[in-house]
Amino acid sequence: MPIQRPDTLRSAVSIATSANPVSGSPNSLFRRSFDQIKEAYILFPLLAALLLLAVWTATLYLIKVEHVRAQQSIAAASLEIGATYEAQMLRAIHEIDQTLKLVKYTVEAEGEPNPLPRLKERALLPPPLVFDVSVVNPDGGLVASTRVHEWDYIADPDEQQTLRHSDSLSISRPWKSPVTGEWRLRFSRRLDAAGGVFSGIAMVEVDAAYFVSSYDASKLGDHGLLGLLGIDGIFRVRRAGEEVAAGDAVDYATVVMPDTENTKAVLSDNGWDGVRRYTSARQLYDFPLAVIVGLSEEEQLTVVTQQAHTYIWRAAGGSLVLVLLLGLLARMSWQLGQSRLRAAETQAQLAAAARQAGMAEIATNVLHNVGNVLNSVNISAELVTQKLRTSKALGLGKAVQLMNQHAEDLGDFISHDAKGKLLPGYLNQLVDALAIEQQSMTAELEQLSKSIDHIKEIVAAQQSYAGASSIAETVQINELIEDALRMNAEILTARQIRVVRNFAETPSLQLDKHRVLLILVNLIKNASSAMDHRPLPCPQITLHSELQQGHTLIISVIDNGEGIAPENLTRIFAHGFTTRQDGHGFGLHSCVLAAMEMGGSLEAHSDGPGTGATFTLKLAIKASEQ
């Protein structure tokens, strides 16, 4: 496209030609014209190509990042729903088993062949609208049942034969009720007469759909999956959308991983219905069952796919605009005013990008620091849950039930009966055990409360980041280090790391407790992670604290892990810098900022790879703070 020179430029050329005949020769004029053409026809198209390459590279990278992030989010959601579903199934099956044990105890201890009316009067049976409780004799004949239609009972010879030789909980394969046409399941336990002779079976039948009734379409979609799979590879029940099925046979080993501690959501085509899902499976503790949760890949990625199309259309539109704009720039390159305006707009965009980057840095620091503390919250919550599941309080109920059975002759029962004589001692032991349980759970709940308070302090500090002031508290530094260790207890235990405490006697100090705790939690976690890729016979972390000269607090975290390369020592605290594949580069950066805000420093030292590392926090303590 031709470029027209301004009149002033033409006059300048004329003057130069008249003043210097050599410079105004045809060769010189052609050279200057070629330079102008080169700038207009080569540089601008080249710039356009580079910008288009940058736009499309960034767009495709963004689409890939969003897709990977969505996949990770779906996998995490599958695991989260699986954990919730596992807890629901454990609770439901435990309740069914408790009912069977209650019927078994009543029949065996009291010799009552039909205990159901008595248990029903005492409201000890589950709701009859959902659960059918029955007792059958050794020949399979129905003795008693809470079901409306007694002729609905379908005996299973294989199940009866199994229970003749086993006292464990039996879970039948699903079958269709001839009355309702719905899939049903039966849970059974053996009944014994005096001398351990087989005397019948206690059974609880339930609609199989009951175990997938928690299906939430808002989370699982229309093609998600909830399922209860037996270790024999037979689905007791599964639900996808509104469809409930049972009895399908699959290879159990390919669906359920043997190591339940490392449950993962696997993306695969489900063989039972051909839908591609993120599927997670969990073996139920103490039961021959596993829970299956699946999220449809196509359904869950719909939003991301639509967003990717939006990005592509935007990139195409932006590319078109870019081509048109650079075309205009090539034609109007002499308009200096517009160039300055565009430069000002670019500067404003850079300022906005810098502001957004600062906001993103604060947000990532919050997420990273809160994530560290959540490890401690998860540990405390899991410990409390385990203690509640294994509580000795269940024994109290059995003891009270035994006393109620002998309410009329309680004194004689305690004095002369063999079981009664053991009852007072058992209750004394139970009181001690419950006291220990209460003390242990109280300690865990206190630790849980500390962790939650720490999370609130992290969020509050970041919310007031622009003008935050340090909140000093009276702190015993050794106790604070122990709190940081408890928050990292899970990772320390998993890696079998030995912790060496080298604490000097220090008085209580006035410190910003939560900032110091934030730094310690991050340093201990990083030291633990430094053991991952080095085969150590004895991984060890040494914690050292002292008060130098009465005014400088020094805390060191020393590990014998993989060490730090010399070229990385100067970059280790930079935002976003990390040497680990799963790292983000936020933790140490937030730690050094927190140390600076408290008027201190955070230093790193290592003699090189394979020699371990030492991180030292130094805080100045004023005389009035001691």
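Me: Buried means under 20% relative accessible area. In this predicted model, is Phe-615 buried or exposed?

Reply: The relative accessible area of Phe-615 is 10%. The cut-off for buried is under 20%. Phe-615 therefore counts as buried.

Me: How many aromatic pairs are there?

Reply: Rings of Phe, Tyr and Trp pair if their centres lie within 6.5 Å. By this rule, the number of aromatic pairs is five.

Me: Is the pair of Phe-187 and Phe-211 stacked, tilted or edge-to-face?

Reply: The ring centres of Phe-187 and Phe-211 are 5.8 Å apart, and the planes stand at 50°. Planes under 30 degrees apart would be stacked and those over 60 edge-to-face, with the rest tilted. At 50°, the pair of Phe-187 and Phe-211 is therefore tilted.

Me: How many residues apart in sequence are the parts that Phe-187 and Phe-211 tie together?

Reply: Phe-187 belongs to strand E5 (residues 183-192). Phe-211 sits in the loop between strand E6 (198-207) and helix H5 (217-220). The pair therefore ties together parts whose separation in sequence, in residues, is 24.

Me: Is Phe-211 buried or exposed?

Reply: Phe-211 has a relative accessibility of 0%. Buried means under 20%, so Phe-211 is buried.

Me: What kind of pair do Phe-573 and Phe-615 form?

Reply: The ring centres of Phe-573 and Phe-615 lie 6.2 Å apart. Their planes are at 90°, and the cut-off for this class is over 60 degrees. The pair is therefore edge-to-face.

Me: Which strand holds Phe-615, the partner of Phe-573?

Reply: This pair links distant parts of the chain, 42 residues apart. Phe-573 is in the loop between helix H16 (566-569) and helix H17 (587-597). Phe-615 is in strand E19.

Me: How many of the eleven residues of H17 are buried?

Reply: H17 is mostly covered. Its buried residues include Leu-588, Cys-591 and Val-592.

Me: Which strands are at the edges of the open sheet of six strands?

Reply: The sheet has the order E9-E8-E7-E12-E11-E10, with antiparallel pairing. An edge strand pairs on one side only. The edge strands are E9 and E10.

Me: Which residue in E8 is the bridge partner of Leu-226?

Reply: Strands E7 (residues 225-230) and E8 (residues 235-240) run antiparallel and are joined by four bridges. In E8, the partner of Leu-226 is Arg-239.

Terms used. Residues numbered from 1 in each chain as written. Predicted model: local features only at pLDDT ≥ 70, side-chain atom pairs only at ≥ 80, totals over all residues. Heavy atoms only, no water. Phe/Tyr/Trp six-rings, centres within 6.5 Å; stacked < 30°, edge-to-face > 60°. Helix = DSSP H or I, 4+ residues; strand = E, 2+ residues; numbered from the N terminus. Buried < 20%, exposed > 50% of the residue type's maximum accessible area, 1.4 Å probe, protein only. Pairing = 2+ DSSP bridges.
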